[in-house]
Structures are given as structure tokens and as C-alpha cells.
Amino acid sequence: MAQKAKARRTVVIGMLGTTLDTGMGTQRWTRWRPTVALCQQEDLVVHRLELLHPPRAASIATGIQEDIAQVSPETEVRLTSLPIRDPWNLEETYGALLDHVRAHPFHPEEEDYLVHITTGTHIAQICMFLLVESRLIPGRLVQTSPGNAGKRSAAGTHAIIDLDLSNYDTLAARFRQQQREGLSFLKSGIDTHNAAFNRLIERIEQVAVQSRAPLLLTGPTGAGKSQLARRIYALKKARNQVAGPFVDLNCATLRGDGAMSTLFGHVKGSFTGAVGDRPGLMRQANGGVLFLDEIGELGADEQAMLLRALEDKRFLPVGADKEVESDFQLIAGTNRDLQLDVERGRFREDLLARINLWTFRLPALRERPEDIAPNLLFELDQASQALGTRVTMSKDAQEHFLRFATSPEGRWNGNFRDLNAAVLRMSTLAAGGRMTREVVDEELERLRAQWRPAGALASGAEDVLAEVLGPVRAAELDRFDRVQLADVVGVCRSARSLSDAGRTLFAQSRAQKKSVNDADRLRKYLARFGLSWADVSGRGTADAE
């Protein structure tokens, strides 16, 4: 049976008011003291008060703690001294509060957080605004006010409010700095230069910290979807957006009956081999993030149950007769066209509608040639850590590699997986940790062989193109043109003349024409590439006809 949900606790974080909160003797009970009054509200039970104070106000804070124990015994008061010498200094105050918040163990799945913004200097109050608005504190604001004049009760009133900080232009710059830190984090600290990619990451950062809706990451294999999903989770974790774990699964690895059990779990005895209960990945992801890579590989039954789990946050494990609950954020990845899969009946239209509220396409590495250089340096650092030794590239070796990597010859079919593997291989072969041009040349030959197309080009035709066009021009051709031109060159080399080659190449279409000039058609086709019959046949122009 599902366990009964625990009652949520209310936790207030506030700064001591060294003027408003003070009071001596019995007269203090007739004064409105905001921090004490907050714990006297009839319709607000404060289970724990995190009372922050400067070091010199420790005695005042202790007095407030004792008074709250009298009026609200159910409230636990925790005192924390912050290293603030000048509470009117913005940099010092914000820095002390930021350090405290980053080290604070928030549990948003169990506790509701309120930030008391009535006490403290205006600087401290503004800093509290910033921490809540940037979601470093996962809570809301609460403000207290004194009661009517002449009324003996000092409890006053309170209001839980949202504040518009749009007018605080100077302080809003701190939000932009926080955003820049988030962008750098999502990019693993890599200083990327591609404008479109940077805009993409900026939008992902904005959505990631503001929304718990599903995210769909598309793009070719190796473009970095898995790594980005992990970075999104880590960013949300740092901003106290999630408390649960990061759980990931490549759906292409799911096969047969085990697919349902892996995702949704099962109960003991539900099928042969089920010797015990299994929670399943969706329950493990409760309170956290579930990343389903290659989501287009899910079967029809798994798609239906996933849709139910997303909409109702509950599902039925295999063999169970009672549903279980799990509240997670889904990040899905795919290199397929899911809309096309919907049209072909391979993917549920309603599931796609549910998961593509936020869809972001990661570009292929070859679409970002200006980002290869910073990613090369990043991969060098990664390789150094993997090998346990510092690996560097000589300037000549680095420039030589980048010329190849950013040219049309650098296809990067596997995207970052290819780059990672290439750098790791070169680093392994770098004698004394210094990578030379010779090591780079060896790797470039390996990459050329790895990327050589299949079919006609794999049988040596690419070498033929390099011979007639030159390697640079041949590498600049689209694959379509390479395949077609290679076949044309092959026919020309085996033909007796230009006309003979034309008759072979245009055998079908020439039968439908009243007037044919196959030689002229072939000559014009070759001219598109700056070639002549003599260039491709290896014979003189006398053989043209």
C-alpha cells in the first residue's frame, strides 16, 4: 500500500531586526516586534524559524529565541551568526547570505519555505528578494505589519506576497550574472562562439530554472544530449529545484517483457523470474529528473503507460493491483523525427504533444566549426584526467588539427563522440604528454578512413575524385554529388569516347527525346565541376567524339 504523505512543515528564514525586534522588561510584550509577531499568527504555524543575525547582535537574537519559546512552543528557533560587519554594504551582505543559502540543506519536497522581509536593513531585504527571485531559496516572501493602534495584542498581521523587482535595474544585473553562471554551467565551462548555439543554451537555462514541464532534446547521435540532460539536472539541483536523483535510460536497450519492468517496476511473482519486488526507474526518479534517451524506441504499451505517468503522476507496476505515485521531471532525447513516426503510426500523437512543450534541437558538431577549438581544449583536459597525466598540443599540431577539423573534410559523423575518441587516441600516443604534428597526422588518416562513405566511394571512387578534382575540391562536394560524379568518371574511363559514355549514361532518357546529343549533355555536366573529357578519361580531346 502507498504510504501516507507526511505533513509539510513551514520554515521561515529571516534576518533579525536589531531595532524593531528589541524590547526590554514586561513592556516588550506590548510592542510590535516583527519576528516574534510572525510566530503569533493564528493562521500561520511556523515549525522552524531560521533567524540570521550579525555577530554583535547575538544577545538580542537569544532574547528573541526565548520569547518565541513562550508564545509559540511549537516553533523551533535556530540562530545563525553571519559574518556581516556592515549591514548597509551590498556586496558584503549579499555575499554572506549567498554563501549561507548555498550551504543550506533545503528539502522542498518536505518543507514550505517563507522568507521574512520585514526586518533587517533595506540592503538585507533586497538581498533576500534576489535570493528568492533567483530561486536559490525555493520559497515565497512573507511580510508582517503591526496591528491597529491602541490594540493590546502585538501580533499584527501577515501577508504572503510576490514582489516585482523589474524596477531594480542595478540589482537586476546580479540576476544576469547568475544567468551567465548557469549558461556556463550548462556548457561545461566551454567558451562557445556559435551564436545560434549560445542562444539555444540561453533559452534552455531560462526554461530549466522556471519550469518542471517535460523537455525534449533532439539532434544527431553524439551531439551531447545526454551530457546536457545531466547538466540541466545539476543546475536545477544547485538552484534547489529538485531534491531527488537523476535517473537515465537509453530506451534502445529495452527489449521484450523486461521493458515494462525496467521502467515501471514489478511485484514479486508477477512473471517467471520475478523473485522479488522491483521499484522501476520511474519510482526511483521520484522528486528528481528522469532522462529517457532515444524515447522513439519505446514500444506502444510503454508509451501509453508513460503518458499516464506524466499526466497523473501515477502508474501500475507489472503484476500489481494498486497504483504507485512518482513525481518527476522528464527530459527526453531522440535523433529521430518523432512527428514522422507519428504519421507512420510508430509513436503516439498524444505522447508527443505532452513531451514537446519545450523542444530544443542540438546542432551537429560540423554545424559549429567555430566551437571546435574550445571543445578541443576541453577534450584535452578530459583526456588528461582519464590518463592521469597532463597532455598538451604544440601550436603547430593544434593548428594542423583545427585546419582539418573545420574544413569540409572534417565530417564528424559521430559528433562529440568522434572528437572525444580522436583526442583520447592522440593523447595516449603523445610521448611525454606532448602531442606533435606526427601524432596528429596519424589520427587524421584514421579519421579519413573511418568517414569514407560506403558503396561506390568505399571501393576507391573517392580516390578517383581526389585525382581529377584535387583532394580539397573533392572534399567540398556534397555526398550526393560525390556519388554521382564518381559513377560518371568510372563510366568515362571505361568508354571509348565522349559520345559512347553519354549513350551509356543517358540510355533511358535518350529514348524519349526526338533529338539527342548525349555528348553535349555529358560535356555540360562535367563543366559544372570544371572538368573536361580529357580530365576524366585520361585521354586526349581527339577521343572526345
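**Aromatic pairs and buried residues**

Phe404 and Trp451 are both buried, where buried means under 20% relative accessible area, exposed means over 50% and partly exposed is what falls in between (1.4 Å probe, protein chains only). This is a predicted model, so local features need pLDDT of at least 70 and side-chain atom pairs count only at pLDDT 80 or more, while totals for chains, interfaces and linings use all residues. Residues are numbered from 1 along each chain as its sequence is written, and side-chain values use heavy atoms, leaving out hydrogens and water.

A search of the whole structure turns up 8 aromatic pairs. Rings of Phe, Tyr and Trp (the six-membered ring for Trp) pair if their centres lie within 6.5 Å; planes under 30 degrees apart count as stacked, over 60 as edge-to-face, and the rest as tilted. Phe404 and Trp451 make a stacked pair, because their ring centres are 6.0 Å apart and their planes are at 5°. That pair links distant parts of the chain: Phe404 sits in helix H14 (residues 395-405) and Trp451 in helix H16 (residues 437-451), 47 residues apart. Trp451 also pairs with Trp412, this time edge-to-face, at 4.9 Å centre to centre and 70° between the planes. Trp412 belongs to the loop between H14 and H15 and Trp451 to helix H16, so this pair ties together parts 39 residues apart in sequence. Trp412 has a relative accessible area of 0%, and Trp451 comes in at 4%. Ring pairs join Phe401, Phe404, Trp412 and Trp451 into a cluster.

Charges over rings turn up too, counted if NZ of Lys or CZ of Arg is within 6 Å of the ring centre and within 35 degrees of the ring normal. Arg368 lies over the face of Phe197 at 3.6 Å from the ring centre, and Arg521 lies over that of Phe506 at 4.0 Å.

As for the overall fold, the protein has 23 helices and 15 strands, taken as DSSP runs (H or I, at least four residues, for helices; E, at least two, for strands) numbered from the N terminus. Buried residues make up 47% of its 545 residues.

Ser427, in helix H15 (residues 416-429), counts as buried at 3% relative accessibility. Leaving aside neighbours within four places in sequence, Ser427 is in contact (heavy atoms within 4.5 Å) with Leu380, Ala383, Leu387, Val391 and Met435. Thr10, in strand E1 (residues 9-15), is buried at 15%. Beyond its neighbours within four places in sequence, Thr10 has contacts that include Leu44, His47 and Asp112.
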